[in-house]
Amino acid sequence: MGEIHEKTDVILIGAGTMSATLGALLKELAPEWEIKVFEKLSNAGEESSNEWNNAGTGHAALCELNYTPEKPDGSVDIKKAVKINEQFQLSRQFWSYLVNSDLIRDPQDFIMPIPHMSLVEGEENVSFLKKRFEALSNNPLFQGMEFSDNPEKLKEWIPLIMEGRTSNEPIAATKIDSGTDVNFGALTRMLFNHLKTKNVEVNYRHSVEDIKRTSDGLWEVKVHNIDNKTCEYHAAKFVFIGGGGGSLPLLQKTGIPESKHIGGFPVSGLFLVCNNPEVVEKHHAKVYGKAKVGAPPMSVPHLDTRYIDNKKTLLFGPFAGFSPKFLKTGSNLDLIGSVKPNNVLTMLAAGVKEMALTKYLIQQVMLSNEQRMEELREFIPSAKSEDWEVVTAGQRVQVIKDTEAGKGTLQFGTEVVNAADGSIAALLGASPGASTAVHVMLEVIKKCFPEHVLEWEPKIKEMIPSYGVSLAENPELFREIHASTSQALGLGEDLSLGQSVS
Ligand SMILES: Cc1cc2nc3c(=O)[nH]c(=O)nc-3n(C[C@H](O)[C@H](O)[C@H](O)COP(=O)(O)OP(=O)(O)OC[C@H]3O[C@@H](n4cnc5c(N)ncnc54)[C@H](O)[C@@H]3O)c2cc1C
């Protein structure tokens, strides 16, 4: 049982897309800094960032109806949609910078163009979708969106969904061709390969067990080397806890005041994957529907064309479920182990408040495969059970904290939690997730390295030209950036198309 004591500038815990993004940003901003990564699995991007564990949607609010709620006066609030779209534009710019600088190659291996569509049935929903379309149409970020409630047009857009549809309910969809399918697993692996060429030490099969502050103000990380069965101690001036679902238990170990009164609630997911190439060929879009009553926002059903291992495939879901694990590869004791004296009331309050969610999750867990197929048939009436199989997706640990809305409020976004002096930060939560990794990691940089931000700003603007500027308010700049990122990433989109209704 050897003990190794080593010092470095930065330690990144976890080799998911968040650590990859932060590492890649820091290597451009401070190339001389020494960075070490500790990942308990054998490769990068194996947990939530893996292509089979998430839906691969480049979330830009082009199709997700939960980002555009209806206000009490009947109008549609697009503020959140605009914010998420702006955040996705930052990711596109950083990825383009990496490709243009030859730091990563072959963007088609991680990002592909795919129309994003929203689909609804019923008079009320159709009227909501039309209002949403009209509200978004006035914004340059959503240029090119089309609306149709004409079944003939919908047959052109989504033949598989319209085939054999007998319902007389009004139906409508919006479609925008500038959507993307992102293989976050491939992207994460590419980023770690790039980091290795920049002398970042990436240690796989190294599990972080404890984090403590040392007397000289550094953070000491206790690491279990799984292969050697040894214990190592590494110290750093800055630690990023990018453990995905595993971040909360590690944050709790730091003992920083900011880690208190926070809990986590794991929601697991399942997808149906189509194994019939003829069916796969008939569909070409990501089609998002409306969430069921009581369903959490990340359980909106969608039928997605995906590109995985350079092969087109079709996934439907996610079906929510419950498992007490915080990671897919985690332990059944994760949830109970995260309950501490400082967060037990927060957790209990959430349990009482979230009865609708609990009921929904129980119903989802109880679904048989045939019942899941029935849900799929709401999208594809002709779906045959033999063409589809179930795959288990990643775990999402939703943050529970005390907010103005009350004790124990379930949060559906991502949260950066950092020590007041910026020496350690953790990322909690999972939505909108990997798509907005660049925005979230720039937040980490702003919060944790305020003394460097001014000096780094010119480089940040070189990598992300719209940094600090609202693209929604600068349509010309948006068009320019959209065109250059489309070219760099091989997305070949044409924004000259105007909005249309048919
Ligand atoms: C079902 C589902 C669908 C989703 N769909 C989308 C989508 O369509 N679009 C989108 O943008 N986002 C989506 N997301 C969210 C997205 O997948 C996550 O936000 C993102 O992958 C999180 O990246 P991460 O690096 O924080 O975590 P992860 O990718 O989970 O990486 C964390 C890493 O830390 C390691 N680790 C944990 N604890 C330790 C420890 N103690 N020591 C060492 N290593 C440790 C883990 O092994 C893992 O490799 C989805 C998520 C799920 C679950």
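Which helix and which strand each supply at least two residues of the shell around the ligand? They are α1 (17–29) and β9 (206–213), where helices (H or I, at least four residues) and strands (E, at least two) are DSSP runs numbered from the N terminus. The model is predicted, so that local features need pLDDT of at least 70 and side-chain atom pairs count only at pLDDT 80 or more, while totals for chains, interfaces and linings use all residues. Residues are numbered from 1 along each chain as its sequence is written.

The ligand is surrounded by 41 residues, a residue being near a molecule if its C-beta atom, placed from the backbone, lies within 6 Å of it. The closest are G14, G16, G244, G246 and G433. Helix α1 gives the largest share of this shell, three residues. Sorted by class, the shell has 16 nonpolar, 20 polar and five charged residues; here Ala, Val, Leu, Ile, Met, Phe, Trp, Tyr, Cys and Pro count as nonpolar, Asp, Glu, Lys and Arg as charged, and the others, Gly among them, as polar.

The largest nonpolar core has 131 residues, of which I13, V239 and M441 touch the most other members. Such a core is a set of buried Ala, Val, Leu, Ile, Met, Phe, Trp, Tyr and Cys residues joined through C-beta atoms within 7 Å. A residue is buried if 20 or more other C-beta atoms lie within 10 Å of its own, exposed if 12 or fewer, and partly exposed in between, with C-beta atoms placed from the backbone. Helix α2 (residues 79–100) gives the most to this core, with nine residues. Leaving out residues up to four places away in sequence, V239 touches I11, I13, I211, W219, V221 and I424; contact requires C-beta atoms, placed from the backbone, within 7 Å.

Helix α2 also meets α15, whose buried residues pack against it. In α15, F478, I481, H482 and T485 are buried. These four cover an arc of only 105° around the axis, which puts them on the same side of α15; the arc is that of the directions from the helix axis to the C-beta atoms. After α15 comes G490, with a positive phi near 70°.

Some backbone details complete the picture. The peptide bond from G317 to P318 is cis, with omega near -10°, and P318 is in strand β15 (residues 311–321). K229, not a glycine, has a positive phi of about 55° and lies in the loop between β10 (219–225) and β11 (230–241). K229 counts as exposed because it has 9 C-beta neighbours inside 10 Å.

Notes: Contact = placed C-beta atoms within 7 Å.
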